[in-house]
There are 2 protein chains.
Amino acid sequence: MKRMVSLCLLLSLMTAGLVYGASGDGALIARAKQFFEPLPSVMTSTENPVTPEKVKLGKILFYETRISVDGTVSCAKCHPVSHYAVDGLRVAVGNNCKLNPRNAPTVFNAAGQISEHWIGNRKNVEDQAKQALTGPPSFGMQSYESVEKKLREIKGYAPLFRAAFPEDKEPVTVDNFAKAVGAFERTLVTPSPFDSFLKGDAGALPVLEKKGLETFLDTGCMACHLGTYVGGQMYRKFGVFEPYWKYTKSEKIDEGRYVVTKKESDKYVFKVPVLRNVAMTAPYFHDGSVDSLEDAVVIMAKVQLGKDIDAKQAAGVAGFLNSLTGGIPQDAQKVPILPLP
Amino acid sequence: MKRMVSLCLLLSLMTAGLVYGASGDGALIARAKQFFEPLPSVMTSTENPVTPEKVKLGKILFYETRISVDGTVSCAKCHPVSHYAVDGLRVAVGNNCKLNPRNAPTVFNAAGQISEHWIGNRKNVEDQAKQALTGPPSFGMQSYESVEKKLREIKGYAPLFRAAFPEDKEPVTVDNFAKAVGAFERTLVTPSPFDSFLKGDAGALPVLEKKGLETFLDTGCMACHLGTYVGGQMYRKFGVFEPYWKYTKSEKIDEGRYVVTKKESDKYVFKVPVLRNVAMTAPYFHDGSVDSLEDAVVIMAKVQLGKDIDAKQAAGVAGFLNSLTGGIPQDAQKVPILPLP
């Protein structure tokens, strides 16, 4: 009997512990759900519905170098799947070694943003794909007509475009290139442990990462880095409390979205970047001027929120950011074979 | 009864036809087997035995750009799987847009050759991988030490090298880089319909391709393009009957293997290239000066064998060469994810 009582006591204590832990986790999950949402399976678009045929074609076109002015540039050049769709360089390098004005953001989960590019000068992934073709430092083609000519010379593309755009009389166009690449990119969704956590699996995040999430929330990072993509939903001045270049290793001052709008209030304004897979996509910021994630976290707290966080807190936040590293869709990891002329 | 006799007659005629066709095919298979062999499953090496751990590491290293002087060059840059491991350019473009002296050959089935590079100045795939690191127009690194420093800075590599080279005290070395990449490349074997044909499946080649094989043999192409890899086994002067540059669109005269040996007899001598996947690896010749496979066939017959072949014959040979387009190993088509620093 005594033994039974002890057992009951033990069980009660264990249950209490479990309930306590669960309620702590439950509170954190509930708090997180106020700001974040799990990833969808595909980033849909009413303008460009995702179809298997478009995705198949888009994935092939993503690797196509023959439509660049020097035959060396494809989407995959600056967005290699092997490196979480970034090139690891400070700024992207395009045709004939031309430097792009800013760091190449990953195309994973990119279609969920309000716009593309650091300064939001691309409407969506389709617009980005299209404009890259004639971008002087990217594909560098003279005109869309010259791209279409090259695409039509590669005979193997005709049936692929026809299958993807069955209602078009002449389907091999730059607009359809953009739609196909866009459709492929809309499938590049990388669910991570954080998504499992948001769906109620408290164990998906180790203690350090949960602690880091708390710091992330307590510090106020989620004021801008929020939503399904943990960013990508608004524009903000980089350097709210102090100029960013005081802390980064920027070699020059970038006026940001001012370049697009010419409004004084847009000086040093950039799109808040998506933080999904951020641990895999160094170097950081629009100019790739900072190499370490912890350093980037410290700088962000300082210049955006006017807060000094210590190394332990920064490591915690970086730990949480690690939980945003997701799995790459199986199909995207399989390289397509390019068609013949 | 009458009907039965007719049936028997029909059957006899059909059998005779089959036997006749089969014997024709059988003779062609037998003739082909005098010169060619089916691909092995792996291109083995006693110096560098292929192990799963080396292949796994080698595939990752194949995509590694952080060990190049400007962070843009990996093995995959000039040998993308999506394009049958060639870049589609006349000559390869390396770090800082430097031009390589010659066209980048495919690394598929390359390990089966007597040497690597057009002029045979790389002993084997391991030697090629190693020397590429400090090759001024390729990775452009100053020294092997600087490569090892970079590899060691990427912390994720330590366990991968340790697993691949368990007996080494310091496994993260350039020599082990070379062995790992070499081991991966030794798995890049692409069995094709021609292998099925050599194994006795006469139906693996359509009539046009069989006709083309006959022309290939009748013309004498197999005097040099022979063996398992349909080439890659000897050095030959390019331009036996007439200077090659009379027919190609070469912009300059390449002295070939003379550059290596300084022997007069090696002037304009190149390694006979492997023809496996040749239909997928335009442009052609050491300088990539010819775009069409049919044109390349006509030029080869003219300058190497002193023969004029017509467009129909060239198309037939090109058809046969199509039967050398093989399947890419499943695992090689899956992009690896690079480790973190």
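Predicted model: local features only at pLDDT ≥ 70, side-chain atom pairs only at ≥ 80, totals over all residues.
**Stop 1**

The peptide bond from A282(B) to P283(B) is cis, and its omega is near -5 degrees. Now jump to chain A, where P283(A) sits in the loop between β2 (269-271) and α11 (293-305). Here too you will find a cis peptide bond, this one joining A282(A) and P283(A), with omega at about -5 degrees.

Stay in chain A and pick N277(A), which also has its place in the loop between β2 and α11. Its phi is near 65 degrees, a positive value in a residue other than glycine. For background, most residues other than glycine have a negative phi, and most peptide bonds are trans.

**Stop 1: two crossing helices**

Next, select helix α9 (residues 207-219) and helix α12 (residues 311-322), both of chain A. Their axes come within 7 Å and cross at roughly 110 degrees, which makes α9(A) roughly perpendicular to α12(A).

To see what touches what, show these side chains:

- From α9(A): L208(A), E209(A), G212(A), L213(A), T215(A) and F216(A).
- From α12(A): Q313(A), G316(A), V317(A), G319(A), F320(A), L321(A) and N322(A).

**Stop 2: a salt bridge within one helix**

Move on to helix α5 (residues 144-153) of chain A and select R152(A) and E148(A), which both lie there. They are four residues apart, about one turn of the helix. The side chains of R152(A) and E148(A) meet in a salt bridge, at 3.7 Å from N to O. Side chains of opposite charge can pair when their charged atoms come close. Over all chains, a search of the whole structure finds 36 salt bridges.

**Stop 3: where the chains meet**

Zoom out to show both chains. How many residues of chain A are in contact with chain B? There are 26, and they touch 26 residues of chain B. Chain A and chain B bury about 2100 Å² between them, with 65% of it on carbon and sulfur atoms. Don't look for salt bridges across this interface, though: the rule finds zero of them. Since 100% of the interface residues of chain A are also interface residues in chain B, the copies meet through the same surface.

**Stop 4: the axis**

Chain A can be laid on chain B with an RMSD of 0.0 Å by a turn of 180 degrees and a shift of 0.0 Å along the axis. The two copies are thus related as by a two-fold rotation axis. To find that axis on screen, select K334(A): of the residues of chain A, its C-alpha comes closest to the rotation axis, at 2.3 Å.

Conventions
Residues numbered from 1 in each chain as written. Chains lettered and ligands numbered in written order. Heavy atoms only, no water. Least-squares fit on C-alpha atoms with pLDDT ≥ 70 in both. Contact = heavy atoms within 4.5 Å. Axes fitted to C-alpha atoms, helices over the stretch in contact; angles between N-to-C directions. Parallel < 35°, antiparallel > 145°, perpendicular 65-115°, else oblique. Buried area = accessible area lost by both parts, 1.4 Å probe. Salt bridge = Lys/Arg side-chain N within 4 Å of Asp/Glu carboxyl O.
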